[in-house]
Amino acid sequence: MLVRLIGGLLVVASILELGLYWAKCSIPKHPMPVEVIPVLLKLIPAALGLVVLLKARAIAGWISNILDD
């Protein structure tokens, strides 16, 4: 359950970070274009979170084996 929670939090944090970046770029006084590179960099945690969610059972088993030793 903890592994799934961490994966979900990575996805949510990435979405929040993208929202803040979009809000920063759309400030009425100083509008800036949304650039691709910063968006891709902010999507890295979301991709890692999705991998963690997909492999949650394997990761949880691996952690369990490490802690049992």
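## Terms and basis of the model

Contact means heavy atoms within 4.5 Å, and it is in this sense that the cover of the buried residues of helix α1 includes α2 and α3. This is a predicted model, in which local features need pLDDT of at least 70 and side-chain atom pairs count only at pLDDT 80 or more, while totals for chains, interfaces and linings use all residues. Residues are numbered from 1 along each chain as its sequence is written, and side-chain values use heavy atoms, with hydrogens and water left out.

## Overall architecture

The protein chain has 3 helices and 0 strands, where helices (H or I, at least four residues) and strands (E, at least two) are DSSP runs numbered from the N terminus. Read from the N terminus on, its elements follow the order α-α-α. The radius of gyration of the protein chain, taken over C-alpha atoms, is 17 Å, well over the 11 Å from the globule rule for 69 residues, so the chain is more spread out than a compact globule. That rule is 2.2 Å times the number of residues to the power 0.38. Along the principal axes, the C-alpha atoms of the protein chain fill a box of roughly 60 × 20 × 15 Å.

Among the contacts of the protein chain with a separation of 6 or more, 67% are between residues 24 or more positions apart. Of the 69 residues in the protein chain, 14% are buried, a class defined as under 20% relative accessible area, with exposed over 50% and partly exposed in between (1.4 Å probe, protein chains only).

## Surface and charge

The accessible surface of the protein chain comes to about 5600 Å², and carbon and sulfur atoms hold 75% of that area; the areas come from the Shrake-Rupley method with a 1.4 Å probe, and for residues only the protein chains shown count as cover. There are 6 positive and 4 negative side chains in the protein chain, and the centres of these two sets lie 11 Å apart. In this count Lys and Arg are positive and Asp and Glu negative, with His and the chain ends not counted, and each charge is placed at NZ of Lys, CZ of Arg, CG of Asp or CD of Glu.

## Helix α1 and its buried residues

Helix α1 has 24 residues and reaches 35 Å from its first C-alpha to its last, which is close to the 34 Å expected at 1.5 Å a residue, the expected span being 1.5 Å times one less than the number of residues. The buried residues in α1 are Val 3, Gly 7, Val 11, Ser 14, Tyr 21 and Cys 25. An α-helix has 3.6 residues a turn, so residues three or four places apart point the same way.

Ser 14, a residue of helix α1, is buried because its relative accessible area is 3%. Residues up to four places away in sequence not being counted, Ser 14 touches Lys 42, Leu 43, Pro 45 and Ala 46. Leu 5 also belongs to helix α1, but it counts as partly exposed because its relative accessibility is 48%. The C-alpha atoms of Leu 5 and Leu 53 are 8.5 Å apart, although 48 residues separate the two in sequence.

## The α1–α2 loop

Val 34 lies in the loop between α1 (2–25) and α2 (36–54), and with a relative accessibility of 48% it counts as partly exposed. Once its neighbours within four places in sequence are left aside, Val 34 is in contact with Tyr 21, Trp 22, Cys 25 and Val 39. Between Val 34 and Val 11, which are 23 residues apart in sequence, the C-alpha to C-alpha distance is 20 Å.

## The two ends of helix α3

Ala 56 is found in helix α3 and counts as buried, because its relative accessibility is 5%. Apart from neighbours within four places in sequence, Ala 56 is in contact with Val 3 and Arg 4; from Ala 56 to Val 3 the C-alpha distance is 5.9 Å, across 53 residues of sequence.

Asp 68 is likewise found in helix α3 (residues 56–68), but it counts as exposed at 62% relative accessibility. Asp 68 and Gly 49 are 19 residues apart in sequence, and their C-alpha atoms are 25 Å apart in space.
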